[in-house]
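Walk through this model in two steps.

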Amino acid sequence: MAELLFWPTLLFYGEAAVGYLGYARRAGAAGRAALLIVQAAREDGFPWGTWAGSLNLFVWFVVTVYLGVRKPYRLLGLAVMPLAAALLVVARAGGGTGVGSRSHYSNLFLVLHVGLVLAAFAGFTLAAAVSAFYIWQERRLKRREVTILRRQAPSLATLDRLASRAVAFSLPALTLGLAVGIARLLGDGERIDAVIAATLVTWLVWAAYLVLRATRGLSGRRAAYVALAGFALVIVVRLALPAAHFS
Amino acid sequence: MRLVLVGTSHHHAPVELRERVALGHDAAAELAKRLAATGGEAVCLSTCNRTELYVAAPDVDAAERAAVAALAELEPDVEPALYRLRDHAAALHLFRVAAGLDSLVPGEGEILGQVRAAHEAGTTGALLDRVFRQALHAGRKVRAQTAIGEAPASVSSAAGALAEQVFGDLDGCSILLVGAGKISEQAARSLLSRRAKIAFVANRTLDHAAGLAARFGAEPLPLDRLDEQLATTDVVVSSTSAPGYVLDAATVERALRARRGRQLLLIDLAVPRDLDPAIHDLDGCYLYDIDDLQAIVSETLVGRRGEAERAEAIVAAESEKFREWQASLDVVPAIMSLRARAEEIRESELRKAEGLLGRLDDSQRKAVEAITAQIVNKLLHLPTVRMKQAAAAADGVIYAEAVRHLFGLGEDER
């Protein structure tokens, strides 16, 4: 069943990436949701205890978050959908779309730790995409591009606000997900690995983003650069997962 | 009924002539009423760029003469500048007008409301009502399906659109006007229409500032206290006749510290410039002068002209639908005669069979009535549809004549 759902999902993502088709995005996200449900329903349990499985879940989160804000920010799809299609292929290559062997983690732990951390990362991805859009749009204003008003794009204030909201929702999720993971780690008497350390640094950067906004008025281009720095750390953590966090 | 249009516009007449035939709402409605008094229909569309009379009447030549006379009565010299269009050409012209394609600035949106107002004030019947409704539909469709009206077409509206690009919804945005002249006022009105608030008007002469400030419910400010309000203002619009800068980069930089990262948009409409160009280099500041705005407007007008091609296609398709509808009117009398003749035969045959039908009870009699009516309807359905189709393809009159001849329809209807 998982195999049957993978190919239509990839097809829809591919179509959405190339053809910029609204129905394909929705159908792709629905296919991916069905795939995750099938994976979860198998008695072997959630396959998120592997790096590829968590990548599969992460990309679904990113597409879902994007669909939630898609209407006023359609241009973001040009960045999100090709990435989603590519990462789905990577997740499949790593076995993340199949069922695989049963994880030794409980489903509750996987939902709380993997689910929350990945949901937070998806929110940070959106914040970074919006921030990149901000920097591009702000540069056009600074260069006084004559085409600036030809097509209505979201205003700088709107982009800035959306990025900060995405971070404000994502940071608590990351905090809880991390706390659950660290509590389990300490309970098992294990040590903090490099990925956990990098995730803590990531948490610090995004926390600083929110604190500086509230106390020092961090906003605009500077806030966008901090968001991109935070996202760079998210990428580092994601790439380091297979090597340093999953055993 | 046929349609005739007589009018003049910015394409044919200078403003000195146009203003003499321009009519207010009530006068336009009165003229339409007068032209329609002889059994026709009339609408007068009068804006700053055009005065046009749309008349529907059986005698199209007489209707045209009456419309020309009505405009010549307002201004005898207008006659050489008048254009006269009939039927489909007149309808197509109205569709283009409603879509903003005949406007000075292609795609401007005000004309759609003016066409609607003219329609409502006119004396309309089936033909003019239909053509105006369809023109309004075409105008709305063009605005919805093309980007022809999206980009600003004037310096002041470009300033408003730029402010929206920075701040989004301008509701609650605070504007500081520097200079109390006409240009400042125009820019202020554009920002006000986008729900911004004119908070301060600064001017070298405080009395002048107070005059303009009172109109906008703003606070007047002497020029030397400009820097005090920069911390709380979102948009500065400047257009004084000062020989040097009224605001330098160092002053703005000091104000930025108190703004806690909030952006500042500065619009300099003055020549020589009022605002130090170095302000644009400051973080979070965007300074646009008159040349920058004019370059944006020129570019958007090029974009509008590109969209105009798509709009023309929409207008052509919509006016074709109207033409088909109007052409179908040619065969309506023949269709009605045919149906009347068939009904006459049906009723006559039923009367002849009265003796036989007398033995039937009420429900059986009603069934016979219904069956015979159904036979007539089914028999005439296809010829009716075919005649309407033929009318749309310009063969309607030939088909109508053939039907009259074949069924011996009344000579008095010819």
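A salt bridge here is a side-chain nitrogen of Lys or Arg within 4 Å of a carboxyl oxygen of Asp or Glu. Arg222(A) and Asp283(B) form one through their side chains, at 3.4 Å from N to O. Between chain A and chain B the count is three salt bridges.

This is a predicted model: local features need pLDDT of at least 70, side-chain atom pairs count only at pLDDT 80 or more, and totals for chains, interfaces and linings use all residues. Residues are numbered from 1 along each chain as its sequence is written, chains are lettered from A and ligands numbered from 1 in the order written, and side-chain values use heavy atoms, without hydrogens and water.

Now the whole interface. In contact (heavy atoms within 4.5 Å) are 29 residues of chain A and 30 residues of chain B. The two chains bury about 2,300 Å² between them, 46% of it on carbon and sulfur atoms. Buried area is the accessible area (1.4 Å probe) that two parts lose on being put together, summed over both. On the chain A side, Lys142(A), Arg144(A) and Leu149(A) lose the most area to chain B, together 31% of what that side buries.

Next, the sheet in chain B. Helices (H or I, at least four residues) and strands (E, at least two) are DSSP runs, numbered from the N terminus. Two strands pair if DSSP finds at least two bridges between them. Four strands form an open sheet in the order E2-E3-E1-E4 (chain B), with antiparallel pairing. Its edge strands are E2 (41-46) and E4 (83-86) of chain B.
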